[in-house]
2 protein chains.
Amino acid sequence: MQQSSERCKIIVDAMGGDYAPENAVIGAVEAANENSGFDLFLVGIEKDITKVLKEKKLKFDTSRIINAPEVIEMGDSPTDAIKKKPNASIVIGSKYVKEKKAHAFVSAGNTGAMMAASTLIMGRLKNVGRPTIGAEIPNVHGTCHLFDVGAGKDAKPVHLFEYAVMGSIYAKELRNIPNPKVGILSMGEEESKGNEVTTAAFRLLKESKLNFVGNVEGRDILTGNVDVVVCDGFIGNILLKFGESVPKLLKHLLKQTADKNLIDKIKIGLFKSTLKRALKSLDYQEHGGVPLLGVNGISIIGHGSSTPKAIKNMVFRAYDMYKKDLNNKIENSLTDYLNIVDPNK
Amino acid sequence: MQQSSERCKIIVDAMGGDYAPENAVIGAVEAANENSGFDLFLVGIEKDITKVLKEKKLKFDTSRIINAPEVIEMGDSPTDAIKKKPNASIVIGSKYVKEKKAHAFVSAGNTGAMMAASTLIMGRLKNVGRPTIGAEIPNVHGTCHLFDVGAGKDAKPVHLFEYAVMGSIYAKELRNIPNPKVGILSMGEEESKGNEVTTAAFRLLKESKLNFVGNVEGRDILTGNVDVVVCDGFIGNILLKFGESVPKLLKHLLKQTADKNLIDKIKIGLFKSTLKRALKSLDYQEHGGVPLLGVNGISIIGHGSSTPKAIKNMVFRAYDMYKKDLNNKIENSLTDYLNIVDPNK
């Protein structure tokens, strides 16, 4: 939907997440209370939503509840579920955006179903072959925006190119990085160190007006000063899940050390809260969901275990994307690049 | 070289690594002093080697120095270097193995040149399409053996199959894991969650006699109880370098926290040595190099910053591979599997 003078409308999936509807409803209402710039709607099983509103004594205009009697569970097969449960919150929320009744849909529900519903129902933006999901990973110099982390797999060179364009616009508009440095994730810095797909993507990106810094390596995600890193979603997804498991290994190694030596045990006990504070920036709850870029509407996907705070941040992110007119900027940029990615050129 | 009653001969590259020839010579001589089961040779610039032996007062039979007047530097382009410097230690060491004058070659030099020399000069074992390098990553349940971490890229399904066979034999023979669990690194556990290559490899592995547990995710490397994980070298390399950079980010986050709060600063100061002990198992120096599996000989490749201890461990690993007759076992297993991987089947 083209940005207009129209008031922004954001729908939150009340049934999305491991602690739904409670966390989703609380977070959504808090977002609406904190910022009056947009109209907020809740989609889900009406009686469950009103129950939470009542129990938590939350003020909310019940005419803004969109009833969706079915629920896509976390374990449901994504594409099957959106076909078999046409009255599920994820399907109805996406349809509202498709039909221009709302600008954004926010859900901490089944990630695969959210991606499928957003892509299939909202459709893709003009010139986007593959929508993409990014992760914001804190590093030594600030934040690395990694695209794609699992919206697609078996990406073609042109898809990596699109990720770079969309990721750069996102980093610039939503994260205020003036001229984001973009790199391709590879086995070495030299152009020749890529695989077949990244080497071809390298050639495309060299011709673009993006601030392309060439290939970057695995270590540059956490230590390099590159703002946007693009890779196949298969790799990004593996990397992200690997990274999320690091604190668990750290905890295990500390426990092993504590068990060997009493002084270490005492030190580790004292240190726990400090370590927790240090690792806080790695916590996705602080960031609050990720946008699926490239679909024709605003789609924000949250982690299943999203807290009310995470849900609130997801709503604010959706509103920010609306205000910055992100989707129009993506379409326009990709139109500018048609001559580069044209295979007949 | 087929294992025989012949005495094992191991060549160490004296010129390999950032602290060559010192670390390499010291580590090699220590290995020979600790274990008399094999004959040790040093290859490199003779006068540089004898200088270290003299300075460090090391006893070594100088008739076991193989003179190699050229040196492949860390920054040299691998395939160019092995062509343009035929008298470099890496080339000569590999030739000795090729010509059956030695069983194993160990180097902490230019990794790419070592891989190229081992593959091109020693050649591949029968039925091996792609040699592979593995990493041993400590996890909550023990160790995950990740193959491939960069010997190849754009792997075909049959290559992932070979990695699984070679990795299983390695984990069983060298790490005493009776029936290693093998998984394919993927985006989800279901068979459908793979990409084109892993889905085809899944079908091959299902038919094998390996203890195949299906797809595993990024988090399973550090937290799962899977012994061998196979992936394209492009992914493995990115993952390994990402993992190696985690301690650097941790240090950065701790510093940030310390700068904010004096008590945290004191706690972090007290805790430093404990953390270092806890992270010790992540230190590749403790492990000492990785074998390039699938080449016709024993090739052990070490990190550029290898200490004498790491070099020593690399020599012991080479000897262990010889004693366990690893290469014959790999060839025999792959012969057994010819009917599975035959594309005409």
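Modeller: Helices and strands here are DSSP runs, numbered from the N terminus: H or I over at least four residues makes a helix, and E over at least two makes a strand. It's a predicted model, where local features need pLDDT of at least 70, side-chain atom pairs count only at pLDDT 80 or more, and totals for chains, interfaces and linings use all residues. Residues are numbered from 1 along each chain as its sequence is written, while chains are lettered from A and ligands numbered from 1 in the order in which they are written.

Biologist: OK, a glycine first. Where is B:G289?

Modeller: B:G289 sits in the loop between α12 (284-287) and β10 of chain B.

Biologist: Is B:G289 buried or exposed?

Modeller: B:G289 has 23 C-beta neighbours inside 10 Å, so it counts as buried. The cut-offs: buried takes 20 or more other C-beta atoms within 10 Å of the residue's own, exposed is 12 or fewer, and partly exposed is in between, with C-beta atoms placed from the backbone.

Biologist: And which residues is B:G289 in contact with?

Modeller: Setting aside neighbours within four places in sequence, B:G289 is in contact with B:V106, B:I300, B:I301, B:G302, B:A310, B:N313, B:M314 and B:R317. Contact means that the two C-beta atoms, placed from the backbone, lie within 7 Å. Take B:I300: it is 11 residues from B:G289 in sequence, and their C-alpha atoms are 6.2 Å apart.

Biologist: Which strands does β10(B) pair with?

Modeller: β10 (290-293) runs antiparallel to β11 (298-301) of chain B, joined by two bridges. Pairing means DSSP finds at least two bridges between the strands. B:P291 is partnered with B:I300, and B:V290 with B:I301. The two strands form a hairpin with four residues between them, and B:G294 in that turn has a positive phi of about 105°. β10(B) also pairs with β5 (132-139) of chain B, antiparallel over two bridges; there, B:L293 is the bridge partner of B:T132.

Biologist: Zooming out, what is the strand order in the sheet?

Modeller: In chain B it goes β3-β2-β1-β4-β11-β10-β5-β6-β9-β7-β8, an open sheet of 11 strands with mixed pairing. β3 (65-67) and β8 (211-216) are the edge strands, each pairing on one side only.

Biologist: Switching to helix α4(B), how many of its residues are buried?

Modeller: Nine of the 10 residues in α4 (89-98) of chain B are buried, including B:I90, B:Y96 and B:K98. The buried ones pack against β1 (8-13), β2 (38-44), β3, α3 (78-84), β4 (104-107) and α5 (111-122) of chain B. Just after the helix, B:K100 takes a positive phi of about 60°.

Biologist: Now the dimer side. How are chain A and chain B superposed?

Modeller: A rotation of 180° with 0.0 Å of shift along its axis puts chain B on chain A, RMSD 0.0 Å. The two copies are thus related as by a two-fold rotation axis. The superposition is by least squares on C-alpha atoms of residues with pLDDT of at least 70 in both copies.

Biologist: And what touches what?

Modeller: 42 residues of chain B contact 42 residues of chain A. On the chain B side, α8 (220-223), α9 (233-244), α10 (246-260) and α11 (262-278) give two or more residues, with the largest share, nine residues, from α9(B). 100% of the interface residues of chain B are also interface residues in chain A, so the copies meet through the same surface.

Biologist: Last one: which domains is chain A divided into?

Modeller: Domain 1 is 1-128 + 245-345 and domain 2 is 134-232, with bounds from an automatic or database domain assignment. Their centres, over C-alpha atoms, are 23 Å apart. The contact takes 20 residues from domain 1 and 17 residues from domain 2 of chain A.
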